[in-house]
Amino acid sequence: MISAYLDRFEGDFAVLYLGDDMKKVNFPRAYLPEGLDEGDYLRLDISYDKEKTEQAEQKALDLMKN
């Protein structure tokens, strides 16, 4: 789990600072929960989706065969 600090909004993006080392990222505002304010903290959970990856690989292989 990654901790994120919401610094500010800039148009369609939110400026987040991630983790203990506060790495700055611009994140699409549309993917954040409604009602957040500058200064709020978030928890981000990023995980590997094996099933989707395998489906995409199979689709690419199928396209190469045709």
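Select Glu54 and Lys50 to start: their side chains meet in a salt bridge, 3.9 Å from N to O. A salt bridge here is a side-chain nitrogen of Lys or Arg within 4 Å of a carboxyl oxygen of Asp or Glu. Both residues belong to helix H1 (residues 50-65) and sit 4 residues apart, about one turn of the helix. Helices (H or I, at least four residues) and strands (E, at least two) are DSSP runs numbered from the N terminus. Glu54 is partly exposed, with a relative accessible area of 42%. The scale is this: buried is under 20% relative accessible area, exposed is over 50%, and partly exposed lies in between, with a 1.4 Å probe and protein chains only.

The model is predicted, so local features need pLDDT of at least 70 and side-chain atom pairs count only at pLDDT 80 or more, while totals for chains, interfaces and linings use all residues. Residues are numbered from 1 along each chain as its sequence is written, and side-chain values use heavy atoms, with hydrogens and water left out.

Next, select Asp7, Arg8 and Glu10, which salt bridges with shared partners join into one network. Asp7 and Arg8 meet at 2.3 Å, N to O. Glu10 pairs with Arg8, and their closest N and O atoms are 2.7 Å apart. Asp7 counts as partly exposed at 24% relative accessibility, as does Arg8 at 25% and Glu10 at 41%. The count of salt bridges comes to 3. Side chains of opposite charge can pair when their charged atoms come close.

Now color the strands. Strand E1 (residues 2-10) runs antiparallel to strand E2 (residues 13-18), and 6 bridges join them. Two strands pair if DSSP finds at least two bridges between them. Leu6 has Leu16 in E2 as its bridge partner. The hairpin of E1 and E2 has 2 residues between the strands, and Gly11 takes a positive phi near 65 degrees there.

Move on to strand E3 (residues 23-28), which is antiparallel to E2 and joined to E2 by 6 bridges. Select Phe13 to find its bridge partner in E3, Pro28. The hairpin of E2 and E3 has 4 residues between the strands, and Gly19 in its turn has a positive phi of about 70 degrees.

Keep Leu6 selected and show its contacts (heavy atoms within 4.5 Å). Leaving out residues up to four places away in sequence, Leu6 touches Ala14, Val15, Leu16, Leu36, Asp37, Glu38, Gly39 and Asp40.

Finally, zoom out to the whole protein. The protein has 1 helix and 4 strands, in the order β-β-β-β-α along the sequence. The C-alpha trace spans about 50 × 25 × 20 Å along its principal axes. Of the 66 residues, 15% count as buried.
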